[in-house]
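This briefing sets out the computed features of one protein chain, grouped by topic for use beside the sequence and the structure.

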Amino acid sequence: AFPFFKWPWPIQKVYKFDKRIQTFEDQFTEDFTADDNTLNTMVYVGWRITDPMIFFPKFAGGSVTEAEKTLEGILRTAKSGTVGRHPLSDFINVDPQKLKFDDIEREIKGLVQSQLQANNYGIQVEFLGLKKIGLPESVTQAVFDQMTQERQRLVSKAQYEGEAEAQTI
């Protein structure tokens, strides 16, 4: 049993790393689907440090924020590539059987994990999911305008039929 000791500060410093899962959310970004529709997406990620000896030199003194910046770049690339391979109907559909959220999440996670392993960052993605999906404001406004025009046509038709009925009476 050898006694373990630490040299004073200028010679040696102890770095502690959290083994728990870290959570991270990317920014709400616009991506294009396979059928050229714009879709806003946000993804959440749970990751952990698997090898501190690799993690420490890669991220400026073991900085979790630096790791998340790198992870954000990798995630953005994987997300836009995956969304670009799927049509809008895989994300938004009235038939729940045609939605492919699980497949899309698995694809994004696989791409992110393969990039992390290829670059040997010492971190691993534990879980990943789509947090938020939306249409851009321009598309939403166009849908509202179309609904307004359709309602206006129905009002005009009802008004015309009422006036015709009044003429008959």
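Asn 120 is found in the loop between H3 and E4, where helices (H or I, at least four residues) and strands (E, at least two) are DSSP runs numbered from the N terminus. Asn 120 has a positive phi of about 55° although it is not a glycine. At 40% relative accessibility Asn 120 counts as partly exposed; buried means under 20% relative accessible area, exposed over 50%, and partly exposed in between, with a 1.4 Å probe and protein chains only. The model is predicted: local features need pLDDT of at least 70, side-chain atom pairs count only at pLDDT 80 or more, and totals for chains, interfaces and linings use all residues. Residues are numbered from 1 along each chain as its sequence is written, and side-chain values use heavy atoms, with hydrogens and water left out.

**Overall architecture**

- The secondary structure comprises 4 helices and 4 strands, in the order β-β-β-α-α-α-β-α from the N terminus.
- The radius of gyration is 26 Å, well over the 15 Å that the globule rule gives for 169 residues, so the protein is more spread out than a compact globule. The radius is taken over C-alpha atoms, and the rule is 2.2 Å times the number of residues to the power 0.38.
- Along its principal axes the C-alpha trace spans about 110 × 30 × 25 Å.
- Of the 169 residues, 29% count as buried.
- The protein exposes about 11800 Å², of which carbon and sulfur atoms supply 54%; accessible areas come from the Shrake-Rupley method with a 1.4 Å probe, and for residues only the protein chains shown count as cover.
- Among contacts (heavy atoms within 4.5 Å) between residues at least 6 apart in sequence, 67% join residues at least 24 apart.

**Strand pairing around E3**

- Strand E3 (residues 38-49) is mostly covered, with 10 of its 12 residues buried.
- E1 and E3 run antiparallel and are joined by 4 bridges; two strands pair if DSSP finds at least two bridges between them. Phe 24 stands opposite Val 45 in E3.
- E2 also pairs with E3 in the antiparallel sense, over 4 bridges. Asp 31 stands opposite Leu 39, and Phe 32 stands opposite Thr 38.
- E3 and E4 are antiparallel as well, with 10 bridges between them. Tyr 44 stands opposite Gly 129 in E4.

**The hairpin of E2 and E3**

- This hairpin has 5 residues between its strands, and Asp 36 lies in that loop.
- Phi of Asp 36 is near 60°, a positive value in a residue other than glycine. Most residues other than glycine have a negative phi.
- Asp 36 is exposed, with a relative accessible area of 65%.

**Arg 48 in E3**

- Arg 48 is placed in strand E3 and is partly exposed, with a relative accessible area of 27%.
- Although 75 residues separate Arg 48 from Ile 123 in sequence, their C-alpha atoms are 5.6 Å apart.
- Not counting residues up to four places away in sequence, Arg 48 touches Lys 19, Arg 20, Ile 21, Gly 122, Ile 123, Gln 124 and Glu 126.

- Leu 75 touches Phe 24, Asp 26, Val 43, Val 45, Ile 108, Val 112 and Leu 128, not counting residues up to four places away in sequence.
- The buried residues of H2 include Leu 71, Ile 74, Leu 75, Ala 78 and Val 83, as well as Glu 68, Glu 72 and Lys 79. Their cover includes strand E1 (22-25), E2, E3, helix H1 (52-58), H3 and E4.
- At 1.5 Å a residue, the 21 residues of H2 should span 30 Å, and its end C-alpha atoms are 30 Å apart, which agrees. The expected span is 1.5 Å times one less than the number of residues.
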